Amino acid sequence: MLPRRLLSSPMHFFRPMWLVLILLLVGFCVANRVNATVVRLTSLHWPPYSGQGLPSEGAAVAVAKAAFAAMGYQLEVDFYPWSRAVKLAHQSNTPYVGYFPEYYFDTVQFVFSHPMGMSPLGLLEHKSHPISWVSVKDLRNYRLGVVQDYVNTEELDRAIADDLQPAEQVTSDEFNIKKVAAGRIDAAVIDVYVMRYLLKQSRLQGVADKVQINSQLLANKNLYIAFKNTPEGLRWQAIFNEGLQRIDAAEVMAEHLPE
């Protein structure tokens, strides 16, 4: 038989258990409250706009973080190869509500934020063999380099898809710079600031004096966050858009772009 003093005070056993349960419940509530203030997006290594190791993780990320912070949220960005970044942002079983930076394109999978910055899209050419063109159709006289899965301009992408525009796909802008410098392609589609950033890197200094941006730009394209086309994605789209109105996005981005 158990000692009488223990039989007369059964709560002696249960008090520690209830205390543990209460502490776990409090911790769960606090954790949920903390997680509710965090938003997660995917991106790619696309300096100077985005990338691990860049100041503020890049110009576009700096703008996105500032806009979400203005609304009381913390942005966490995970970086992947571009195709994977888009795929993960679309899947329903991931913690991501979207991806960026992206150009606008017709899609039912995503909804786009208000513009967060501008991307001057040009044609990288060899200094000794500049290309001459007036309309996008004129570019069919040249073999262009494009990056796999990148959106360029609607007219150019349609011409490439229809096999009207000679083009070669690579996995990065850096490869296209090397191919233009070596004369393996006539020109390559590239963002002007991306080109400036890459040509300042030591590994490309040997080709920096061989290439240039064609005097005519393809387009000045807006940069966006692409949010999932779901109720949750629409909610974050609205939050981000309001946050953009509370900051000077152009100033934030300019601080992180090369001259």
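Predicted model: local features only at pLDDT ≥ 70, side-chain atom pairs only at ≥ 80, totals over all residues.
1. Where does Q165 lie? Its place is the loop between helix 5 and strand 7. Residues under 20% relative accessible area are called buried, and Q165, at 4% relative accessibility, therefore counts as buried. Leaving aside residues up to four places away in sequence, Q165 touches V136, L139, R140, Y142, L144, L156, A159 and I160.

2. Helix 5 spans residues 154–161, and its buried residues are L156, A159 and I160. Seen down the axis of helix 5, these buried residues fall within an arc of 100°, so they line one face of the helix.

3. After helix 5 comes D163, which has a positive phi, near 60°.

4. Strand 6 and strand 7 run parallel and are joined by four bridges. Within this pair, L144 stands opposite A167 of strand 7. The chain passes from strand 6 through helix 5 to strand 7, and this β-α-β crossover is right-handed.

5. Helix 6 (residues 173–181) has seven of its nine residues buried, so the helix is largely enclosed by the rest of the structure. The buried residues of helix 6 are D173, E174, N176, I177, K179, V180 and A181. Their cover includes strand 5 (117–126), strand 6, strand 7, strand 8, helix 7 (192–199) and strand 9 (211–213). Just after helix 6, G183 has a positive phi of about 75°.

6. Helix 4 covers residues 82–90, of which W82, A85, L88 and A89 are buried. Viewed down the axis of helix 4, the buried residues fall within an arc of 130°, so they line one face of the helix. They pack against strand 1 (38–43), strand 3 (98–102), strand 4 (110–112) and strand 10 (219–228).

Definitions and conventions. Residues numbered from 1 in each chain as written. Heavy atoms only, no water. Buried < 20%, exposed > 50% of the residue type's maximum accessible area, 1.4 Å probe, protein only. Helix = DSSP H or I, 4+ residues; strand = E, 2+ residues; numbered from the N terminus. Arc of directions from axis to C-beta. Pairing = 2+ DSSP bridges. Right-handed = clockwise from strand over helix to strand, strands pointing away. Contact = heavy atoms within 4.5 Å.
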